[in-house]
Amino acid sequence: MNKKVIAGLVVLAGVIGISGVVESKKEHEANKIPTVGVLQFMKHPALDAINQGINDELAKEGYHKGKNIKIDFQNAQGDQSNLKTMATRFSSEHADISVGIATPSAIALANTIKNKPVIFSAVSDPIGSKLLKDEQKPDRNITGVSDKAPLPGQLKLMQKFVPNMKTMGVIYTSSDDSASTEAKQMIKLVEAAGIKVKTYTITSSNDLNQTSQQMVANHQVDAVFVPTDNTIAGAMPTLIKNTNAAKVPVFPTVDTMVSAGGVAANSIDQHELGVMTGKMIVKELKGEQTKDLPVEYIKQGKVVINQKQADELGLKIPVAYQDAKRVNEEK
């Protein structure tokens, strides 16, 4: 066999080899199941319900964990250092999509992951949290579902339950950007309605006992508003212990916080937030671009009432809310 023939065979073998590698790579990519990293800020019924909603919607759309999708769920247990470590894990292990449940988780992912989609869930103020500049046209690799509360409806509800309310107490975590923004928006509405406001802030759950005792001492406030605040949500029994002792009703924005001792809320359905987040994940998995997915909201809240708590405080259910959903206080 002459040298030209040999050289030709070598080239042909090389082409076949390269072609085989390319086809093998394509086949591998086609068979590769997508990985979705889910980073939850802390364990709490509200955030757990969001995560459940995500999983339920993915399953409904045909994505079953361990079969045709990998879901890497991480819970930071309210620890900022854990958030950073877990966000880095998603980045280094090449999660196709990363999901942040609650503002701190979303911020940690946004600060770590630059070239893959990040979807947030339950972020009350995406712009104020510096996740985005434009909610309708996301300007980076981030979009999601906001849990911005319907505050006018919440104020109306509080006025129905406490018609002689002269002073409202507002308590929130100062380091929680979303909670701070929501609290300040409510304060403006309340003051515009001619009701006085007394504001109380905490830096961590360790402050809640003393601050809430101070808030309700000597009948300083007639009712308490709590925004969508993860720190207080995780320590509701402490708040309720002190407010119940002073016979002061608490009106949070989240249904699970009503279950934990709040009287009532014009509430965002946390499971529905998760379902909406799941739908957004599916759109990304099917090839839609983050920049084409505007931030979504639940436009209409649902009134939920803790009948046991209302009875405990001697509050009558307003006629307008007689048919509202009842929730049971958690033990």
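This is a predicted model: local features need pLDDT of at least 70, side-chain atom pairs count only at pLDDT 80 or more; totals for chains, interfaces and linings use all residues.

Guide: Residues are numbered from 1 along each chain as its sequence is written, and side-chain values use heavy atoms, with hydrogens and water left out.

Visitor: How many cavities of 30 Å³ or more does the structure hold?

Guide: Rolling a probe the size of a water molecule over the atoms shows where empty space is left. On a 1 Å grid over the protein atoms alone, a cavity is a set of points where a 1.4 Å probe fits but cannot get out, and lining residues have an atom within 4 Å of a point. Volume is the space filled by probe spheres set on the points, which are joined across faces, edges and corners. Here there are two cavities of that size.

Visitor: Which residues line the largest cavity?

Guide: Among them are H44, L47, D147, T228, N230 and M257. Helix 2 (45-60) and helix 8 (230-233) each bring at least two lining residues; helices here are DSSP runs of H or I, at least four residues, and strands are E runs of at least two, numbered from the N terminus. The lining has six nonpolar, four polar and two charged residues, with Ala, Val, Leu, Ile, Met, Phe, Trp, Tyr, Cys and Pro as nonpolar, Asp, Glu, Lys and Arg as charged, and the others, Gly among them, as polar.

Visitor: And what lines the second largest cavity?

Guide: Its lining includes T103, S124, D147, D176 and T228, and splits into two nonpolar, five polar and two charged residues.

Visitor: What about the largest pocket: what is its volume?

Guide: A pocket is an open set with protein on both sides within 12 Å along at least five of seven lines. This one has about 300 Å³. Of its 15 lining residues, F41, Q80, P104, S175 and T231 lie nearest its centre, and helix 4 (residues 103-112) gives the most, three residues.

Visitor: Last one: is N306 buried or exposed?

Guide: Buried means under 20% relative accessible area, exposed over 50%, partly exposed in between (1.4 Å probe, protein chains only). N306 counts as buried because its relative accessibility is 0%. This residue sits in the loop between strand 12 (302-305) and helix 12 (307-312). Its side chain reaches the backbone nitrogen of K308 at 3.3 Å, and a polar atom of that side chain lies 3.0 Å from the backbone nitrogen of Q309.

Conventions:
A polar contact is a pair of N or O atoms within 3.5 Å; within protein, one must be able to donate a hydrogen and the other to accept it, and residues adjacent in sequence count only if both atoms are side-chain atoms.
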